[in-house]
Structure formats: C-alpha cells, structure tokens
Amino acid sequence: MSLVVVSNRVARGKPNEPMTGGLAAALLPVVEYSGAIWVGSSGRVRDGHQKEPFAEVEALGTGALATLDLPAAHYGGYYEGFANSALWPALHSRSDLIRVSQGDYRSYREVNAFMARALLRFRKNKTAFWVQDYHFLALGAELRELSVDDPVGFFLHTPWPVPAVMQGVPNHRELIEAMLAYDLIGFQTEEDRQNFLGYISQDLGLTAEDGIVVSRHGRTQCQVFPIGIDAEKFAQYAAKSISHPDVSRLRKSLNGEKLAIGVDRLDYSKGLVNRVSAFDRLWTEQPNLARSISLLQIANPSRGGIEAYGNLQNEVARLVTDVNGRHGEVDWTPIRYLNKGFSQAVLAGLYRTAQVGVVTPLHDGMNLVAKEYVAAQNPADPGVLVLSKFAGAANELDTALLVNPHDIDGMARAISIAVSMPLTERRMRWEAMMKKLRGHTIQQWSADFVATLEACRGERAAVAPLAAQPPQALRWLRSAISGARLI
Ligand SMILES: O=P(O)(O)OC[C@H]1O[C@H](O[C@H]2O[C@H](CO)[C@@H](O)[C@H](O)[C@H]2O)[C@H](O)[C@@H](O)[C@@H]1O
Ligand SMILES: O=c1ccn([C@@H]2O[C@H](COP(=O)(O)OP(=O)(O)O)[C@@H](O)[C@H]2O)c(=O)[nH]1
C-alpha cells in the first residue's frame, strides 16, 4: 500500500527553522519515518491554465515531499478568502468574523479540483489518500469525480462547531455534503464529532449509526483520533538545549525570578488579549507578584494579509505596551513580547525554563504547544500548565490547571496558584499528563488513522469494522506503506 498525505501547509524538516503551525509540525515525523509522499502547496502561484500541475519533488527522510504551485487566479480566494475568512472563523465559533464572497467559494472549489488532478500523478496500484484539514473539505468528492475508488480519508485539525455556526458559512450544505465522499473523517475530540453528526442530521437529514453515515456517496465513518506528539523527542531536546545561547541568555536574565511562557501563532482563536489581561489583573491585585513572575510571550505573525489578523496584531501590541507601562520598573519588564519564531529544539529549552506554561485559547482543535510544554519539563522539578478547557488538549491533559479563558479573574487566580504550587502536587499532576503523552504518540495517531482507513478499502458499500489498534504501530505503518517511494 502506498500512502499519499495531502495538506495545504507542509514542512521541510530543517532542524533550525520554526514550524508554521501544528499540522506541519505533526506530519513531518510521520512522513519522515513512514515513507509516505506528502503533497502540499509550495507557497508560490503560477499563472495561466496548467494542463499538468507543476510539482517539485524532494526526499524527506524515508518519504518524499511534493510541492505544487497553486493557480494564481484562485490562490487568494482559496487561502485568505474561503479557507481562512469563512471556514476558519466558523470552525472556531467566530461567525462575526466571516467575510467571504461567492468568488472566494468558487476559487476554493477550483483549488480543491486542481489538487485532485495533481494527485493522480502520485496514485499507484494500491494507494490510500489522507487529506488534512479545512482547506480541502471537497477534495474527496473531486477525487471521486476522477473515478478514484481508493480509500480516501480526511482529518480535521480544528474544532467543529455547533450546527448553527456552520449554517453561517455560505454554500455550507453543498460543501459538507461533499465531505461524505470521504471513507473516513477524523476529529480531534468527541465533541467535534458530535457537532458534525448533529449538522449531518439537522441539515442533510442523514442519521448515523455507530458513527457511520450512509449517503449517496456510500458510507462514511466518523471517528475521533486525538493528535499526539513525540514526547520523548521534546524531553531530549529540552535536556540538551539548556546550553543553547537563547536559552542560557534567558536563564541568566531572570535572576531567580519565575517565568510564565506562552507560544502561539498570532491568531484570534488563541485568546492572547484575555491572557495579557489576566496578567495585568494578577499584577494589579497581587502587587507582591510583580518582579517575582514575568511572562515571555512568543507570538508568531500568521495570515498577515487578512484584516482580522492585522487588527489583532495591533491590539495585542498596544495592550502589551499598556501593561508594561503600568507595571514595569526601570529594571523589570513584565512582558517580553516577541513577534518571531524559534526552532522546536530551542522552544523546548524555553518551555523547560518556565515554571508556568499558559495555553489559554478561546477555541483550539488540539494545541500541541500544551503537550510540548509538559513533555519538556524537568521530571524532578516540573512546571505547571495553565490550560484552557476549550483546547482539545484539555481532554487528555486534565490534571493541568484548567481555566475558562473568558474569565480574567479566574485565569489570574490560576496563574497565582501555579506560581506557588508545592513540588509534590506539581509532580503528581505532571506525571499523570506525561503518562498520557507517552501512551499516545504522533506515530500511534497516524498508525491508528491509516489502519482504520485501509480497513475501508473495498468497503464503500459495506460498513468497515473499526480496526484494532496495531501492537507495533510504527513498524506496522512503515511496512504497510513501504511501496510509497515514488521518486
Ligand atoms: O498554515 P497556516 O495558515 O499558517 O496555519 C497554521 C496551521 O494552523 C492550524 O493548526 C491546527 O493543527 C494543530 C495540529 O493538529 C492543532 O493542534 C491546532 O489546534 C490547529 O489549530 C490549522 O488547522 C493548520 O491547517 C494550519 O497549517
Ligand atoms: O516559534 C515557534 C512557535 C511554534 N512552533 C510550533 O508550532 C506548533 C504550533 O502548534 P499548535 O497546535 O499549538 O497551534 P497551531 O499554530 O497549529 O494552531 C507547535 O508544534 C510548535 O512547536 C515552532 O516550531 N516555533
């Protein structure tokens, strides 16, 4: 079996470069170790009608990376338009931020159709296609139009909201009906899966039995696959990176003061304004904590061409300036605010330096930073994770200090509790989280999804049984897709 993984964003595996988002960070080791071929956008566009889509193919570990120049006439409407100004806000329950035109929807569908044509080149005798995320909701249907009858699966990295929110997306019915051309649809949490099935029932009049929806396309299995991380890799990075100049300079600058860390793309879903307000509240209500805990906030700019993101960047910068102006001293800066990215090896050292990890999104599919923070801690003296209950990660990391990101006082209180938590309690909470991270790795996640997808082969007319978890997940994945080397 050969596996073709498809996403808009890809990663190149350069160890010193920051990752752009969790999807690319998660898929990189999957492709490197499994021998799959990963197809995505090159980030460049190409004019005119491309008879044969242009792809550059390079090796990526034991797998390969194929990047495509997307059609110039449709790229903006697809990426900044429909994907990130209609679907992204809706998926994160921000209907107020939906800005979209019919032209954007047409471009989105054109790019999905273009990608389907491009994928034919990577199809072999026995191929399975694994499509990632909201950029390609209709890609399965486009592949079926081209007579592809291989298993085609889809994984959604974001949340799926309640039906009323999806109803605010133009063309929602046509688009979500097209999703049922997938054999398997994966979600981060049970709540996301239930919301999706709720929409299918309310808007499409289809019922699901044991997560199987039968539509005109055949059968679609809807299942939860929470994404994991390589916890051991982060632990090793963290132990090693202490000597990295960025990490040792940070440590030296702290002078015994405690540190909280936030690491996010500059995105309205991440709750940055509320987080900074919570620190403002903390230092106002408990002035004794000024100079004893500061915040390092890494906020990597994202999707800068979209108005809502530009506005957010200005708002957060203004707020940080206000808070620093209010609480700062000649020799103390309450918030160190950085608009740039770091490699994961350096991030691990920064996570380990901080006694508190603050991950407080308003909504988040999973949030890998929460898991990475835990994995990077020193087992003998672990830090405390303050985690939004609206991050997918809260389902597993339930011994973190769970907070409501809309409750500024509650967050300030949780940060204060985290700062003074005794070692025994910190260790108990951390060990419970670490056990979950070790028990569910990124390799396990991909092996589970691919095994379940492969079980759908030839089963479009009959319900495929849920695949048992493979005992040697990674070995299985490698051997199952060993035929994937296409170049
Ligand atoms: O590709 P961009 O437009 O620059 O955005 C970056 C990625 O953001 C989102 O990441 C999600 O995937 C993570 C891993 O599953 C998950 O932890 C997080 O909660 C999600 O927000 C987006 O879904 C990706 O498609 C983007 O590439
Ligand atoms: O400076 C940075 C900031 C983030 N990341 C990585 O980007 C990913 C962010 O994923 P997450 O799921 O937290 O959020 P997303 O950005 O995908 O919404 C994580 O793997 C981080 O390690 C990175 O490599 N460098």
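This briefing covers the sheet, the salt bridges, the ligand site and the cysteines of the structure above. The model is predicted. Ten strands form an open sheet. The count of salt bridges comes to 28. The protein covers 98% of the 560 Å² of accessible area that ligand 1 has on its own. There are zero disulfides.

**The sheet**

- Strands of a sheet pair through backbone hydrogen bonds, in either a parallel or an antiparallel sense.
- Here the strand order is S3-S4-S2-S1-S5-S6-S7-S10-S9-S8, and the pairing is mixed.
- S3 and S8 (208-209) are the edge strands, as each pairs on one side only.
- S3 and S4 form a hairpin with two residues between the strands. Gly61 takes a positive phi near 60° in this hairpin.

- Side chains of opposite charge can pair when their charged atoms come close.
- Glu142 forms a salt bridge with Arg109, and the closest N and O atoms are 3.4 Å apart.
- Glu142 lies in helix H4 (residues 139-145) and Arg109 in helix H3 (residues 102-119), so this bridge ties together parts 33 residues apart in sequence.
- Glu142 and Arg109 are both buried.
- Arg144 forms a salt bridge with Asp183, with 2.7 Å between the closest N and O atoms.
- Arg144 is in helix H4, whereas Asp183 sits in the loop between helix H6 (172-179) and strand S7 (184-187). The two residues are 39 apart, and their bridge links distant parts of the chain.
- Are Arg144 and Asp183 buried or exposed? Arg144 counts as buried because its relative accessibility is 17%, under the 20% cut-off. Asp183 is buried too, with a relative accessible area of 4%.

**A salt bridge within one helix**

- Arg429 forms a salt bridge with Glu425, and the closest N and O atoms are 2.9 Å apart.
- Both residues lie in helix H15 (residues 423-439). Arg429 and Glu425 are four residues apart, about one turn of the helix.
- Glu425 has a relative accessible area of 27%, so this residue is partly exposed.

**A salt-bridge network**

- Which residues are linked in a network of salt bridges? They are Arg123, Asp149, Asp150, Glu454 and Arg457.
- Glu454 lies in helix H16 (residues 442-454). At 18% relative accessibility, Glu454 counts as buried.
- The side chains of Glu454 and Arg457 are also joined by a polar contact of 2.7 Å.

**The ligand site**

- How many residues surround ligand 1? There are 21, and the closest are Arg9, Tyr79, Asp133, His157 and Asp364.
- Arg9 has a side-chain N or O atom 2.8 Å from an oxygen atom of ligand 1.
- Gln188 places a polar side-chain atom 3.1 Å from an oxygen atom of ligand 1.
- Arg265 has a side-chain N or O atom 3.3 Å from an oxygen atom of ligand 1.
- On its own, ligand 1 has 560 Å² of accessible area, of which the protein covers 98%.

**The cysteines**

- The structure holds zero disulfides.
- Cys222 is in no disulfide, and the nearest cysteine sulfur is that of Cys456, 11 Å away.
- The cut-off for a disulfide is 2.5 Å between the sulfur atoms.
- Cys222 counts as buried, at 2% relative accessibility. Cys456 is buried as well, with a relative accessible area of 5%.

Definitions and conventions:
Residues numbered from 1 in each chain as written. Chains lettered and ligands numbered in written order. Predicted model: local features only at pLDDT ≥ 70, side-chain atom pairs only at ≥ 80, totals over all residues. Heavy atoms only, no water. Salt bridge = Lys/Arg side-chain N within 4 Å of Asp/Glu carboxyl O. Buried < 20%, exposed > 50% of the residue type's maximum accessible area, 1.4 Å probe, protein only. Pairing = 2+ DSSP bridges. Near = heavy atom within 4 Å. Polar contact = N/O pair within 3.5 Å; in protein donor to acceptor, adjacent residues only side chain to side chain. Areas by Shrake-Rupley, 256 points an atom, 1.4 Å probe, with all protein chains shown as cover.
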